[in-house]
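Visitor: I have the structure open and would like to talk through a few parts of it. Could you take me through some packing details before we move on to single residues?

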Amino acid sequence: MQLIEIRNLCTSFDGMPVLRGVNLTVGKGTTVVILGTSGAGKSVLLKSIIGLLTPDSGSISIDGKEIVGMESQDLYTVRRRMGYLFQGAALYDSMSVRGNLEFALRRRDALDEDEMSRRVEEQLRLVGLADAIDKMPSQLSGGMRKRIGLARALITQPEVMLYDEPTTGLDPVTGREISDLIQSLQQQHAMTSIAVTHDMACARIIADSVAMLNKGVICFEGDLGAMEYVNDEFVKQFLATA
Amino acid sequence: MMRDILSNPKADCMRFIAQVGSTASFARECVLGMFRLPHDTGELFRQVDELGARSLPVVGTTGLVTGLILAIQSRPVLARFGAESYVPAMVSISVVRELGPILTALMVAGRVGSGMSAELGSMRVTEQIDAIEVSGIDSFRFLVVTRVLACGLLLPLLTGIVNVLAILGAYIAAAADMHMSWQLYFHRAVYSLWLRDVIPAILKTIVFGFIIGVIGCHQGYTATGGTSGVGRASTSAVVIASLLLLFTDMILGKVIVLVCN
């Protein structure tokens, strides 16, 4: 069963086309990794899926609901079923780690203080940062920020999770740890996920299937093993240099 | 430099019109948002604290010094016409009707307007506003409406404090130069004020608060271009708000005179 369906998605900025007719389907409970070079439009695609960017044309359907052109209040309802890990984590720098994790729970869900604290502590344990609960974002390293960003996205128990370059800017060891963490959380929560990255090591750990974005279109879609036998110059070049 | 500014007047005009349209649309959304309840009371109180408590030292000092200077400068002039005894009345009327509201608004625009713009601009370029949006929370209502409300609510209060301190400052000068007693000074300062001096001035400060909030938030919320964009937004917030405050004050001043006198 397909949970996310993208049809003929086109987006441009100041007349410069970025996405030129992207077609992609994501099955329920699966993880699709979108690969591509920097500037290929991967983040634009991800932001379009969650409604942060409005495409020029095309359709994005999530669980049968068309989100392109959706009223903002309805869009907020759809977003409450989704989580998003930003490339730079995008932690609220005026709040502590606890404040960051409680932010959505306090404002969206009528949870009592005890339940909220329990969920915050549980999420921090899952990402291995229980001790950081009272730290401010400025006191955290890049890897820790990613983990807290992940905990913040997961605390609302989303059905769909979107990851924007989860390992970019991290050293290989920390990148591997984050990839393992994502993979283990995927298994625990059985979420439908889309990750965009150019990190093949991350893709190998978390992907059920991959899609390659080049010049605004998906030039390959399938499993990672099949990708190595594709007769496409760009895919071959990408794999050779990754 | 001048050649650069005037190199493409048509494009500059279009940009200016687009900016005015964008600000007007933003202001309209703010007004609509204010009537959509409930508001985030935690964020509203945080903004009230930020705007009120932390602005008090700077606006209070401005009020005290303004009153002091006004009395020192006006006494010799009024003395030439034998009207020295009108110093308290002149200070209280000019401060309550005009100087208190506009000076408070300009000081708050400088301190709070630029701060709001820098904070929201920084949140925009580091994707924190996007993070609020993707968590299913209306970032405009949470960040913008609460700030504009706080400005509109607190500016009348801050202006009242500035007025009191300016009249007090003028008393210090009057007591030192003219040896006027507190009772006499107070009687002349307060009893020369009419309700038509006080009420329109208070209403005017609500409009000033709204302008500071809307301009500060609009510049920050729509900031682009990384950290330099945040700096530009912060500077623009102060410049645009100050000019708009002076222009609005001129129009409202005329309207008040027409309606109340």
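Visitor: How are helix 5 of chain B and helix 8 of chain B oriented to each other?
Guide: In this predicted model, helix 5 (residues 87-125) of chain B and helix 8 (residues 182-190) of chain B pack at an angle of about 45°, and they are therefore oblique to each other. Their axes lie 7 Å apart, and the crossing of these two helices is right-handed.

Visitor: Which residues in helix 5 of chain B meet helix 8 of chain B?
Guide: On the helix 5 side of chain B they are B:Pro88, B:Ala89, B:Val91 and B:Ser92, and these meet B:Tyr185, B:Arg188, B:Ala189 and B:Val190 in helix 8 of chain B. By class, the residues of this contact divide into 6 nonpolar, 1 polar and 1 charged.

Visitor: And helix 4 of chain B, at what angle does it cross helix 5 of chain B?
Guide: Helix 4 (residues 56-80) of chain B crosses helix 5 of chain B at roughly 145°, with the axes coming within 10 Å, and this crossing is right-handed. The residues that meet include B:Val58, B:Thr62, B:Leu70 and B:Leu78 in helix 4 of chain B, and B:Val87, B:Met90, B:Leu103 and B:Arg111 among those in helix 5 of chain B. Sorted by class, the contact between helix 4 and helix 5 of chain B has 13 nonpolar, 8 polar and 2 charged residues.

Visitor: Staying in chain B, is B:Leu51 buried or exposed?
Guide: B:Leu51, whose place is in helix 3 (residues 41-53) of chain B, counts as buried because it has 26 C-beta neighbours inside 10 Å, where the cut-off for buried is 20 or more.

Visitor: What is B:Leu51 in contact with, leaving aside its neighbours within four places in sequence?
Guide: With those set aside, B:Leu51 is in contact with B:Val112, B:Ala150, B:Cys151 and B:Leu154. As for B:Ile211, it is 160 residues from B:Leu51 in sequence, and the two are 14 Å apart in space, C-alpha to C-alpha.

Visitor: Which peptide bond is cis?
Guide: The bond from B:Leu37 to B:Pro38 is cis, with omega near -5°, and B:Pro38 has its place in the loop between helix 2 (9-34) and helix 3 of chain B.

Visitor: Switching to the contact between the chains, how many residues come from each?
Guide: Chain B gives 12 residues to the contact and chain A gives 16. On the side of chain B that touches chain A, the residues divide into 3 nonpolar, 4 polar and 5 charged.

Visitor: How many helices and strands are there in chain A?
Guide: Chain A has 9 helices and 10 strands. Its radius of gyration is 18 Å, close to the 18 Å that the globule rule gives for 242 residues, so chain A is as compact as a globular protein of that length. The C-alpha trace of chain A spans about 55 × 45 × 35 Å along its principal axes, and 42% of the 242 residues of chain A count as buried.

Visitor: Where is A:Ala190, and what is its phi?
Guide: A:Ala190 is in the loop between helix 6 (172-189) and strand 8 (192-197) of chain A, and its phi is near 50°, a positive value in a residue other than glycine. With 10 C-beta neighbours inside 10 Å, A:Ala190 counts as exposed.

Visitor: What about A:Lys215, where is that?
Guide: A:Lys215 has its place in the loop between strand 9 (209-214) and strand 10 (217-222) of chain A. Although A:Lys215 is not a glycine, it has a positive phi of about 50°, and with 14 C-beta neighbours inside 10 Å it counts as partly exposed.

Technical notes:
Residues numbered from 1 in each chain as written. Chains lettered and ligands numbered in written order. Predicted model: local features only at pLDDT ≥ 70, side-chain atom pairs only at ≥ 80, totals over all residues. Axes fitted to C-alpha atoms, helices over the stretch in contact; angles between N-to-C directions. Helix = DSSP H or I, 4+ residues; strand = E, 2+ residues; numbered from the N terminus. Parallel < 35°, antiparallel > 145°, perpendicular 65-115°, else oblique. Left-handed = near helix turned anticlockwise from the far one by under 90°. Contact = placed C-beta atoms within 7 Å. Nonpolar A, V, L, I, M, F, W, Y, C, P; charged D, E, K, R; others polar. Rg over C-alpha atoms; globule rule 2.2 N^0.38 Å. Buried ≥ 20, exposed ≤ 12 C-beta atoms within 10 Å, placed from the backbone.
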